[in-house]
Amino acid sequence: MTDGTDAAGSVGPLEGLRVLELGHFIAAPFATRLLADLGAEVIKVEPPGGDPVRQWGAKVQGHAPWWSVHGRNKRSLALDLKRPEAKAVVLDLVRHCDAVVENFRPGHLTKLGLGPEALRAVRPDLVVAHVSGYGQDGPYRDRAAFGVIGEAIGGIRHLTDHAPGTSDLPPVRVGVSLGDSVAGIYAALGVVAALWRRERTAAAGQGAKGASIDVALTESVLSLLEGSLPEYGTLGTVRQPAGGAIATAAPSNAYRSRDGIWVLIAANSDPLFRRLAAAMGQPELAEDPRFLGNQSRVANARVLDAIIGEWTAGHDAAALEAVLLAADIPSTRSYTTADIAADPQFRHRGMVVEVEDPLIGRTLHPGVVPRVDGGPAPVRWTGREIGADAEAVLGGLLGYPPERIADLRRRGALGRPEG
């Protein structure tokens, strides 16, 4: 289905939008997955060997489960962009697309004859979203970068560490490709914003205007750093890592239970702290001068954390959660993926959904964010085989006759489906 409609007839809000993805790895494909989840028709162009993410992580029947999500709700077309015949196919596709999302190094598509000028020559009102390490200009423009580099330069890698003086280990990675994913979110937002402007200008009789969206991994991460930059600009202070705590509020940290599970407790307002002290059976803590008011608690956070940690160490996580829930204190155990899969709130909201994937069998997917018009959007299909939609896209959308498609395959410009 290419119109944003699922089998039950639900229509996504981006129905009628067609996007061409010239992306690989994470950032651009993440952006287009978000658009596809909301009903856009996304045609993913990948090399004949497939997007490298298809091979990342453990495999089931030769396929990485990550691909089931990363490639979902998209059409797959395998093209060797170094061949002129493939370039002609891309330009034919662009004529039928509203937007292109790409994340090659700046200038690479131009070298292939597929730069913005070539694309807009066939579709003047095209929206083109560029995702790169450092942006499309500037002194770092041509440097190689992945998400981890963006996270380091964007400042978050420095902050994901224990407080200074408590560990000699290197600052840890967040655990997922945060820089790539955040850049993908911004790219998707930029595409929708540019298309909204295009619709408005067209409706006002000013002509449909295209746009270029420039998203840098480094800048996407930097945008997350709350007050760090203005704090430095006005006070000269450099925000430091705080481990599991919040540097400006206490108590708010992770505390180990008797059965070894980390439990997060955020009781960093005066009423919450009083309730926590009572739940701990130590109401006097709320009157202790060291802990009167948030500023005092922050100044004495290590002492306070030790007291709370001693209390949590005497109880299993389930018991702690029950006590804290009864006291209406923001708290939870630190979820593993297994906890997420079993969580009744995620299940109720459709954020953990069971899907049937032809490549790997029955599996779980995260649901669609955001929810529009109440109910969760369905997963229309899982990540497909390499080049699975060649006939549907080239024959159905572009009207290529079978002999031309066969000739593209013979010349090596068009990859075959796996198997």
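A residue is called buried here when its relative accessible area is under 20%, exposed when that area is over 50%, and partly exposed in between, using a 1.4 Å probe and protein chains only. Helices (H or I, at least four residues) and strands (E, at least two) are DSSP runs, numbered from the N terminus. Six of the six residues of β2 are buried, so β2 is largely enclosed by the rest of the structure.

Some ground rules come next. This is a predicted model, in which local features need pLDDT of at least 70 and side-chain atom pairs count only at pLDDT 80 or more, while totals for chains, interfaces and linings use all residues. Residues are numbered from 1 along each chain as its sequence is written, and side-chain values use heavy atoms, with hydrogens and water left out.

Back to β2. In a regular strand the side chains alternate between the two faces of the sheet. Both faces of β2 are covered. E41, I43 and V45 are buried on one side. V42, K44 and E46 are buried on the other.

Now place β2 in its sheet. Two strands pair if DSSP finds at least two bridges between them. Six strands form an open sheet, in the order β3-β2-β1-β4-β5-β6, with parallel pairing. The edges are β3 (74-78) and β6 (211-216). Each has a single partner strand, so one side of each is left without a neighbour in the sheet. From one strand to the next, the twist averages 20°. Strand β1 (residues 18-22) pairs with β2 (residues 41-46) in the parallel sense, over four bridges. R18 stands opposite E41 in β2, and E21 stands opposite K44 in β2.

Axes are lines fitted to C-alpha atoms, for helices over the stretch in contact, and angles run from 0 to 180 degrees between N-to-C directions. Contact means heavy atoms within 4.5 Å. Helix α3 (residues 84-94) lies across β1, β2, β3 and β4 (99-102). The direction of α3 runs at about 155° to β1. Helix α8 lies across β4, β5 (127-132) and β6, running at about 165° to β6.

Look at one residue of α3. V90 lies in this helix. V90 has a relative accessible area of 0%, so it is buried. Leaving aside neighbours within four places in sequence, V90 is in contact with L20, L22, L79, L81 and L114. Compare N73, which is 17 residues away from V90 along the chain: their C-alpha atoms are separated by 20 Å.

L79 sits in the loop between β3 and α3. Its relative accessibility is 2%, so L79 counts as buried. Beyond four places in sequence, the contacts of L79 include V45, E46, P47 and P48. A86, V89, V90, A413 and L414 are also among them. L414 is 335 residues from L79 along the chain, yet the C-alpha atoms of the two are separated by 4.7 Å.

Move on to helix α1. The axes of α1 (residues 27-37) and α8 (residues 178-203) come within 7 Å and cross at roughly 50°. That makes α1 oblique to α8, on a scale where angles under 35 degrees count as roughly parallel, over 145 as roughly antiparallel, 65 to 115 as roughly perpendicular and the rest as oblique. On the α1 side, A27, F30, A31, L34 and L35 make the contact. On the α8 side they meet D180, S181, G184, I185, A187, A188, V191 and V192.

H70 has 2% relative accessibility, so it counts as buried. Outside four places in sequence, H70 is in contact with F25, I26, P29, F30, R33 and V53.

One more sheet remains. This open sheet has three strands in the order β7-β8-β9, paired antiparallel. Its edge strands are β7 (252-256) and β9 (331-333), and each pairs on one side only. The twist averages 20° from one strand to the next. Three bridges join β8 (residues 262-266) to β9. I265 stands opposite S331 in β9. Helix α13 (residues 301-312) packs on this sheet, touching β7 and β8. The direction of α13 makes about 35° with that of β7.
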